[in-house]
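User: Hi! I would like a close look at one part of this model, with the charged side chains in focus.

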Amino acid sequence: RHRAAMRRGLIVLPLVASLFGAGFAYGSDARDARAPTAVGVAQDEFTLNPYRRVVKPGPVRFNIQNYGEDAHNLVIRGPRGFQAESPEIEPGGRLTMPATLRRAGTYRLLYTKADHLSRGMRSRLRVRR
């Protein structure tokens, strides 16, 4: 009997630990434990196009592809002063940028270097419940 109980305990303990650990990884709450929403973003000279325009609040994975001739980055500005910025992406390069967009509202996607912003290198992403 003792051995059977030990075997059951050895199976249940890792399961319980994984369930409790999943919602608290890296100090996040249970809402952030779900898989991130993927948003592809194509960059070119003076254009910035997200492949998805609306996401739910929570974790987002921006998959950025630079099709341009210049190095570009991605700046995200949102409600209540939210801001995130990627490093520069070389021409032909790719980068995955994680972000957690917790608040509903409009987030501006921008490239702020040189005159690219004034020439149209911007777009919007809406976060809706």
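Predicted model: local features only at pLDDT ≥ 70, side-chain atom pairs only at ≥ 80, totals over all residues.

Analyst: Residues are numbered from 1 along each chain as its sequence is written, and side-chain values use heavy atoms, with hydrogens and water left out.

Lys113 counts as partly exposed, because its relative accessibility is 34% (buried means under 20% relative accessible area, exposed over 50%, partly exposed in between, with a 1.4 Å probe and protein chains only). Its salt-bridge partner is Glu88, with 3.9 Å between the closest N and O atoms; the term stands for a side-chain nitrogen of Lys or Arg within 4 Å of a carboxyl oxygen of Asp or Glu. This pair links distant parts of the chain, 25 residues apart: Lys113 lies in the loop between strand S8 (105–110) and strand S9 (122–127), while Glu88 sits in the loop between strand S6 (83–85) and strand S7 (94–101). Strands here are DSSP runs (E, at least two residues), numbered from the N terminus. Glu88 is partly exposed too, at a relative accessible area of 41%.

What else turns up? Searching the whole structure gives two salt bridges. Asp115 forms one with Arg119, and their closest N and O atoms are 3.4 Å apart. With 35% relative accessibility, Asp115 is partly exposed.

How values were computed
Helix = DSSP H or I, 4+ residues; strand = E, 2+ residues; numbered from the N terminus.
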